[in-house]
Structure formats: C-alpha cells, structure tokens
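Biologist: Could you take a close look at one kind of side-chain pairing in this model for me? I'd like to start from a single pair.

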Amino acid sequence: MRAWNLRKCYYTAVFMILYVFYHPADSGAVSLTSENIDMTLASNELVFLNFYAEWCRFSNLLAPIFNEAADKVREAFPDAGKVVLGKVDCDKETAIASRFHITKYPTLKIVRNGQLSKREYRGQRSADAFLEFVKKQLEDPIKEFHSLKDLETLDSKKRIIIGYFDRRDQPEYDTFRKVASNLKDECQFHVGFGEAAQAMHPPGHPIIVFRPDVALTHENDETYTGSLKNFDELKIWIQEKCVPLVREITFENAEELTEEGLPFLILFHHPDDTNSIKDYKAIIEQQLMDEKQNVNFLTADGKRFAHPLHHLGKSEEDLPIIAIDSFRHMYLFPNFKDMYQPGKLKQFLQDLYNGKLHREFHYGPDPVTNEIQVDVNSNTSPPESTFKKLGPSKNRYTLLTKDEL
C-alpha cells in the first residue's frame, strides 16, 4: 500500500509539473478573438490569418497543417513582434468575420504592419509551403544601390520607387521600409545611402521618387512632397503610382480580381500587339477615370485566353477585341476601331449599367421609342461569363452567401 501511495504521489507530482509548464497556446496557431486581435495586428510586422469554421470540411483539413506551420514559423522567427500565425473561429467571432469580409472557408489573409493586404494567400497548403511564404514575406523588400549607374539597368516589369537617404537608421527610412513591405507586390523599391545618394538630395533631407519609365533619366522622376514620417500618407502616394489603372489579367491573379466584385472591361490582344494596349490605356486615362470605382480595366493575352474568345464567337484572327464580363454574361464591343471615337467606350459601360446590353442580347436592338417592344422570335442567349469560373473553387472552399455571416 505504501509503495502504491508513493507511486501515486510521484505521478501526481509529474502531472502537476506538466500542468504548470505546458501551455497549449505556445504551440500551433494563436486563437484570435475580438479581445486580442487588434493588439496582435498592431504589434507584429506580419500576421498570417486563417479564417475557419469548425463545421467546414476544408477548414478541418487545413487546421493541423496550419498549426504545424505555426510551430515551424515560431522556431524560424522567435523574436517577438516579427510574425504570428493566427486563427479565427468565424462562428464564434462573427464581428471579425464581417470586418474582414469573409465569404468562404477557409480564407487565408495577410496583415502587414497593421494593414490588410489586398491579396489573399492562394499557394500550396502545406506546412513547408506556409513557412517559405512567410520567409519570402519577411525578406527585405528594398534593393540597395551603390552607384547611380546601378539605376540605369533596372528591371522594367514593375514600376519603380527610389529612396535617397543619408543613412539606414533615419526614421524616414523606417517609414519607407514599412511601406515597401506592404507594397512590394506592386512596385520594385530601391535605396541608396550616403555617397551613393548624396548627388540626388541635400544632406539631411532624404527624398523619395517615382520613376515612371525605367528608360527615362532621373530628370523625369516624380518627387514625393508629403511627410516622410507619415506612413499612411506615403503609402497612399506610392500606391497611386504603383497600382496601374489598367491591369493585365492572368490565370494567376484572376481569382483575386474576380473577388473584387467589379465587372471586367477587357482588351483581348495578340501577345505581340503593344500598340492596341497603349491606345486602350490612353483612352481609359483620358475618358474613363471616373469609372475606376465601378469597373476593372484589364488586358488579356488573347492566345492564353482563347476560351473566352470562343464563347464570344471569336478567334485569334479577330484580335484585338474588347468585351465586358459582368460575371453573368459576356458582351462584345461591336467594333474595336470605335474605341477611338470619343464617348463610345463610356457609352458601352453605361449600356451595361442601365441593362441595355442584357436586353439587346435577349430581345434584339432597343426600339427608337421609349417602349420596349419584345419580339419573342428574336430571343437570343448571351454568352455566359467565363471569368467567373476562375473565381474561388468549390473544391477548395466552402463558399458562403452574404447572408450566412
């Protein structure tokens, strides 16, 4: 009996030690609630969020993988304030789910320096892939140049922001680095310090510029005139310079563009045709700036996106063509050359908003009179949207309607 009591005391002591020193919160992703989410977002450079629901099959498949990734990330980046992998139970935290506009489970979002990234994570869902993604996100987004000649050979695939500073420990540079971290997917950032940059700015007065074309000299640079210590002000200025009014749609970014919920006005072009792209962009900038909140202006490689062309009854030989995809139907701009007539593209968009495009596809051209004469014999069917099929996959998410949150 005495031996049994000793063993009982021993196991009790071991249990108490394990109870005191074992903290479930120290492993796996951090559970975020309305009480701790704001502090977590504000106090970490990067927060990787998993929005889930316990009843969702895809959420349950992802949960152990995301927890394993959190442990790997915590081991790789042990310093406080660097990175956190957090998870949000959307059934319990409905206010957070609504705040982040969650429309499918699981959704993986990124918050950098307290600000939500526009792009969700859509890569491979494995612990190692998540770890590599985090490492990539935490890489220095700014390339240092050591001579002004280095700026003459920059890559022109992305728009360019250049900073000229006295030294790295300036508070203005810290602001610049944080903004660059948030917008590194949109622009390429370069910086010079000391002698490498002194020819471009007075001592003690760092400057940040936007170079509109890599082939141009610094004489064409646009200089930022706001406060270099104001994160929000600098981010807005750089974002306006870096995010083009007209974007290219690819199979890689189609899902995120679709989730913005705006109709597409798309120029389908031949891969070697740069002139139609240039003209299309110029006309949109001149005539359609006031429509940028209502529609996404896009270009598309007509060879890669041959399937939408087929739905429109067109082929590569018909390029370039312009169409609207409303996510219900696709509507063809009758004649590409009409784009050059002032007001024609704008009227095309207005016809989408007022329903004319839909009516005419079903019932033929609107009559001259105000009454709409319906001719049942002229009933046609507009091509269905093909780009909506590039949205969130039903095989990867539990998709929600807006009234389910």
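Which residue forms a salt bridge with Asp 71, and how far apart are the closest N and O atoms?

Modeller: Happy to! This is a predicted model, where local features need pLDDT of at least 70 and side-chain atom pairs count only at pLDDT 80 or more, while totals for chains, interfaces and linings use all residues. Residues are numbered from 1 along each chain as its sequence is written, and side-chain values use heavy atoms, without hydrogens and water.

The partner of Asp 71 is Arg 74, with the closest N and O atoms 3.1 Å apart. A salt bridge here is a side-chain nitrogen of Lys or Arg within 4 Å of a carboxyl oxygen of Asp or Glu. Both residues sit in helix H3 (residues 57-76), three residues apart, about one turn of the helix; helices (H or I, at least four residues) and strands (E, at least two) are DSSP runs numbered from the N terminus. Asp 71 is partly exposed at 32% relative accessibility, and Arg 74 is partly exposed at 31% (buried is under 20%, exposed over 50%, partly exposed in between, with a 1.4 Å probe and protein chains only).

For another pair, Glu 144 forms a salt bridge with Arg 168, the closest N and O atoms being 2.8 Å apart. Glu 144 lies in strand S7 (residues 142-144) and Arg 168 in the loop between strand S8 (159-165) and H6, so this pair ties together parts 24 residues apart in sequence. Glu 144 is partly exposed at 36%, as is Arg 168 at 43%.

There is also a network of salt bridges linking Glu 45, Lys 82, Asp 174, Arg 177 and Lys 178. By this rule the count comes to 20 salt bridges.
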